[in-house]
Amino acid sequence: MTFFFVEILLDNEGYSMRAGYIEKPLTAMFRNDMPEPQITAGNMVKIQVKATGICGSEVHAYHGRHAWRVPPLVSGHEFAGIICEVGNDVTTYKVGDRVTAEPQYGCGHCDLCESGNYNLCADKKILGATYWSGSFGEY
């Protein structure tokens, strides 16, 4: 199984997007100056979010009670969208494809990941956490 994810750069290099942002517990707003994710590797795709859901995880993040989604952050992990850009090595997907994404990925090297249980990986990354901007953003 191959996973694609889009990293968000710490330096937005002049690219910004609108996003729902949880600044701190019980304080959320829309901002127009959030860093827009950029493709930084050939196997990545960029997805324009068309629809996103609000799950209990986002509610817990808003209240400051989620273990991995700790404000400040752009939350959201259940979404559908359209691929708007592909990396040079991507051959399975193309611009315009309607997609959703697995909202987590493991390290790929531990026993759990190698057995297909990447959701249990101690080093898994989760969409909508501080380190991976979520689907409440435009991309």
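**View 1. The hairpin of S1 and S2 in the predicted model.** Strand S1, covering residues 16–24, and strand S2, covering residues 27–35, run antiparallel and are joined by 7 bridges. Between the two strands the hairpin has 2 residues, and Leu26 takes a positive phi near 70°. Strands of a sheet pair through backbone hydrogen bonds, in either a parallel or an antiparallel manner.

**View 2. Arg65 and Pro25, separated in sequence by 40 residues.** Arg65 lies in the loop that runs between helix H1 (56–62) and strand S4 (79–86). Although Arg65 and Pro25 are 40 residues apart in sequence, their C-alpha atoms are 8.4 Å apart in space. Arg65 is classed as exposed because its relative accessible area is 64%, where the cut-off for exposed is over 50%.

**View 3. The salt bridge of Lys46 with Glu36.** In this pair the closest N and O atoms are 2.3 Å apart.

**View 4. The salt bridges of Asp33 with Arg31 and of Asp123 with Lys125.** The salt bridge that Asp33 forms with Arg31 has its closest N and O atoms 2.9 Å apart. Asp33 counts as partly exposed because its relative accessibility is 43%, and Arg31, at 25% relative accessibility, is likewise counted as partly exposed. In the salt bridge of Asp123 with Lys125, the closest N and O atoms are 3.3 Å apart. Here Asp123 has a relative accessibility of 45% and is therefore counted as partly exposed, while Lys125, with a relative accessibility of 26%, also counts as partly exposed. The count for the model comes to 4 salt bridges.

**View 5. The open sheet of S3, S4 and S5.** The 3 strands of this open sheet follow the order S3-S4-S5, and their pairing is antiparallel. S3 and strand S5 (98–99) stand at the edges with a single partner strand each, so one side of each is left without a neighbour in the sheet. S4 and S5, which run antiparallel, are joined by 2 bridges, and Ile82 stands opposite Arg98 in S5. In a regular strand, the side chains alternate between the two faces of the sheet.

**View 6. The whole chain, as a setting for the close-up views.** The chain has 2 helices and 7 strands, and from the N terminus on its elements run β-β-β-α-β-β-β-α-β. Of its 139 residues, 36% count as buried. Among contacts between residues at least 6 apart in sequence, 60% join residues that are at least 24 apart. The accessible surface of the chain comes to about 8100 Å², and 51% of this surface belongs to carbon and sulfur atoms.

Notes:
Residues are numbered from 1 along each chain as its sequence is written. This is a predicted model: local features need pLDDT of at least 70, side-chain atom pairs count only at pLDDT 80 or more; totals for chains, interfaces and linings use all residues. Side-chain values use heavy atoms; hydrogens and water are left out. Two strands pair if DSSP finds at least two bridges between them. Helices (H or I, at least four residues) and strands (E, at least two) are DSSP runs, numbered from the N terminus. Buried means under 20% relative accessible area, exposed over 50%, partly exposed in between (1.4 Å probe, protein chains only). A salt bridge is a side-chain nitrogen of Lys or Arg within 4 Å of a carboxyl oxygen of Asp or Glu. Contact means heavy atoms within 4.5 Å. Accessible areas come from the Shrake-Rupley method with a 1.4 Å probe; for residues, only the protein chains shown count as cover.
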